[in-house]
Amino acid sequence: MNATRRAVLAAIPAAFAAPRIARAQGAAGRVVIIGGGFGGASAARFARDRFPALDVTLIEQSRTFTTCPYGNLVLAGRRSIESITFTYDRLAARGVRVIHQRAEAIDHAARRVRLADGSAVPYDRLIVSPGIDLRWGAIEGYDEAASARMPHGWAPYVQPITVLERQLRAMPEGGTFVMAIPDNPFRCPPGPYERISMVAEYFKRHKPRAKIIALDAKNGFSKQPLFQEAWEALYPGMIEWRGASNDGRVVRVDPAAMECITEFGDRVRGDVVNVIPPQSAGRIAREAGLANQSGWCPIKPATFESAQVPGIWVIGDATIAAPMPKSGFAASSHAKHAVACIAADLAGRPPPPAVFFNTCYSHVGEDYGISIVGVFRGGDRLVEVEGSGGISPRDAQLPPDRRAEFRRLESLYADGWYEAITGEMFG
Ligand SMILES: Cc1cc2nc3c(=O)[nH]c(=O)nc-3n(C[C@H](O)[C@H](O)[C@H](O)COP(=O)(O)OP(=O)(O)OC[C@H]3O[C@@H](n4cnc5c(N)ncnc54)[C@H](O)[C@@H]3O)c2cc1C
């Protein structure tokens, strides 16, 4: 690992607390947050802890939050669904007003959020972090009904990961698991490949003759050489990955036949079929005029205030924030900056400097983790800081006697990251 990457990794636990703002700076006002996931729950907690004069309300449709991170470990049989599910009780005990309802509409002119029961929540500043919607029909035949037979497991508030888990457990030995992976941009760029790895780990233990066919709408993917190197070493002969130029793009599904149909007409049948469809920003953001034609929300990179509607900050997966990936870590980093900018705005001060962090860890096998790290700055554009971060070394870059220990440590860092970030949201 190069020195810069090592320094960034070492600095990141402390960076969870960024930006550095003294407590109690006196900014008062009503801050309302829609969505209690990685972006929204992090924003609520940060606002509560750092700016006690703010009145903080969190609107979340569900009573519990199941994280997508570590969902793939449920498929591997390493984690229970309970261990990745959290309540909002502690946030409420810290003084966040938590409303468990669906936000139906945003009235920007009147600065009010309308809830499912018809009541309205007034705000001075609004943060919107609704995550993603799945674009039903973007793959022909793939709608909500089809997803019961061919689960996505990509948005727990739409479908729990346990639907896919049950199908994998029931799959006959020697069966085939087919996965359809979308083009960019989508939630969690390394997520599908971690999922392939975790399903392979489960198969290796319980159904060693099973096969995995991954049909990808892209020609390359995050941490590809690292994943493929590990797949060859850990799961030889089990995984076939087909990119777009090898007819990997799925354009239609036939749930009755359990088939994915590719661009050039190949029909690929699976005993279990996991379709990850194309996505957009969550509906509330699109209907409030926060998204552009792409279906995602443009933001001002210096503050994460909406580029389309003043007085509303959009954070997390719903945003157009490349080169930052759509990750939980990124959403949490956006959240803290947005809260700090809102506090500054309410106090009539300029926004703090925009610095963001991301690390995406992936579990590839037992005691085998890899990661990608980045530091970003927001100004006129969002840019990755040159020389910051990087990805884990390939095997050839590590001394042979240190490889296993290096991969083991990265899987431990991943566990540490998960405990830290969920503790920060719900602890
Ligand atoms: C398999 C998988 C693995 C992943 N692994 C990682 C990882 O290891 N590391 C990482 O950093 N990221 C990971 N991610 C990505 C991460 O889950 C997302 O980037 C993150 O959840 C985005 O945060 P968010 O706040 O934008 O959305 P979410 O966390 O999805 O939160 C959105 C919340 O808004 C609520 N909501 C939506 N609309 C409304 C409404 N109208 N009214 C009220 N509530 C509403 C939803 O119920 C939900 O609770 C993974 C994703 C997947 C699918």
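Predicted model: local features only at pLDDT ≥ 70, side-chain atom pairs only at ≥ 80, totals over all residues.
Close-up 1. Taking 1.5 Å a residue, the 13 residues of α2 should span 18 Å, and the C-alpha atoms at its ends are 18 Å apart, so the two values agree. The helix is mostly covered, with twelve of its 13 residues buried. Among the buried residues of α2 are Phe-38, Gly-39, Gly-40 and Phe-46. Three arginines of this helix, Arg-45, Arg-48 and Arg-50, are buried as well.

**Close-up 2. The shell around the ligand.** The ligand is surrounded by 33 residues. Gly-39, Glu-60, Gln-61, Arg-187 and Asp-317 are the closest. Sorted by class, the shell has 15 nonpolar, twelve polar and six charged residues.

Close-up 3. A polar side-chain atom of Glu-60 sits 2.7 Å from a ligand oxygen atom. Ala-103 places a backbone N or O atom 2.9 Å from a nitrogen atom of the ligand. For Gly-328, a backbone N or O atom lies 2.9 Å from an oxygen atom of the ligand. On its own, the ligand exposes 990 Å², and the protein buries 98% of that area. Two elements, α2 (38-50) and α10 (328-346), each give two or more residues to the shell. The largest share, three residues, comes from α10.

**Close-up 4. The ligand between two domains.** Domain 1 covers 3-131 + 282-426, and domain 2 covers 140-278. Both domains give residues to the shell around the ligand, so the ligand lies between them.

How values were computed. Residues numbered from 1 in each chain as written. Heavy atoms only, no water. Near = heavy atom within 4 Å. Polar contact = N/O pair within 3.5 Å; in protein donor to acceptor, adjacent residues only side chain to side chain. Areas by Shrake-Rupley, 256 points an atom, 1.4 Å probe, with all protein chains shown as cover. Helix = DSSP H or I, 4+ residues; strand = E, 2+ residues; numbered from the N terminus. Nonpolar A, V, L, I, M, F, W, Y, C, P; charged D, E, K, R; others polar. Domains from an automatic or database assignment. Expected span 1.5 Å × (residues − 1). Buried < 20%, exposed > 50% of the residue type's maximum accessible area, 1.4 Å probe, protein only.
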